[in-house]
Amino acid sequence: MDKTHKTEDEWRKQLTPEQYYVARQKGTERAFTGKYWDNHEDGIYRCVCCGAELFDAATKFDSGTGWPSFWQPLPNAIATKVDFKLIVPRTEYHCRRCGGHQGHVFDDGPRPTGKRYCNNGVALTFKPGASKQG
């Protein structure tokens with residue numbers, strides 16, 4: 001079965017209600033509730049919908065927000081668009097492969113990029129192991 005082009009019913013069957021709400025309906029999980037916000041293991045974070053590799057744990061940092069935060073995605077992993085959900089424009093990002101909503105990117109992150117990719121933990125899976133960053 002194609003991992004990227006599914007009907008809404010197929011996504012609902014694959015995902016938990018919270019995963020569906022966040023990844024397919026652009027919801028947000030409560031801060032400090034996801035299982036990855038305080039994860040410090042080496043490995044790769046993947047899209048919960050299609051399994052695409054999105055972030056290397058080597059780029060994760062403690063933003064103090066209660067959500068997993070990264071200063072850089074893996075190459076060609078995400079796409080962005082402007083989101084006006086809170087009236088003020090924000091940059092939403094999603095999995096480039098399947099369109100699963102991940103979170104928002106802000107300009108208050110650490111060096112070297114200065115970006116903070118603030119991700120919903122429920123929109124991710126994690127594969128422990130070696131870093132792709134070297």
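Predicted model: local features only at pLDDT ≥ 70, side-chain atom pairs only at ≥ 80, totals over all residues.
**Entry 1, the core.** I began with the largest nonpolar core, which has 26 residues, and noted that Y45, C49 and L54 are the members that touch the most others in it.

**Entry 2, Y45.** I next looked up the surroundings of Y45, leaving aside residues up to four places away in sequence, and its contacts include Y36, N39, A52, E53, L54, F55, A57 and K60. Further along the chain, Y45 also touches F70, L124, T125 and F126. Across the strand pairing, Y45 stands opposite F55 in strand 2.

Which order do the strands of the open sheet of 3 strands take? I read the order as 2-1-9, with antiparallel pairing. Strand 2 (53–56) and strand 9 (124–128) stand at the edges, and because each has a single partner strand, one side of each is left without a neighbour in the sheet. From one strand to the next, the twist averages 30°. For the pair formed by strand 1 and strand 2, which run antiparallel, I counted 3 bridges.

Turning to helix 2 (residues 17–25), I found Q19, Y20, V22 and A23 to be buried. The cover over these buried residues includes helix 1 (8–14) and strand 7 (101–106). Just after helix 2 comes K26, with a positive phi of about 60°, and I followed that residue up in the next entry.

K26 lies in the loop between helix 2 and strand 1 (43–47), and its positive phi occurs in a residue other than glycine. N76 is exposed, with a relative accessible area of 65%, a value over the 50% cut-off. I also noted a cis peptide bond that joins R111 and P112, with omega at about 10°. P112 sits in the loop between strand 7 and strand 8 (116–119).

Last, I stepped back to the protein as a whole, which has 2 helices and 9 strands, in the sequence pattern α-α-β-β-β-β-β-β-β-β-β. Its radius of gyration is 14 Å, close to the 14 Å that the globule rule gives for 134 residues, so I take the protein to be as compact as a globular protein of that length. Along the principal axes, its C-alpha atoms fill a box of roughly 40 × 40 × 30 Å. Of the 134 residues, 46% count as buried. Among contacts with a separation of 6 or more, 55% come from residues 24 or more positions apart.

Notes:
Residues numbered from 1 in each chain as written. Heavy atoms only, no water. Buried < 20%, exposed > 50% of the residue type's maximum accessible area, 1.4 Å probe, protein only. Helix = DSSP H or I, 4+ residues; strand = E, 2+ residues; numbered from the N terminus. Contact = heavy atoms within 4.5 Å. Pairing = 2+ DSSP bridges. Axes fitted to C-alpha atoms, helices over the stretch in contact; angles between N-to-C directions. Core = buried A, V, L, I, M, F, W, Y, C linked by side-chain atoms within 4.5 Å. Rg over C-alpha atoms; globule rule 2.2 N^0.38 Å.
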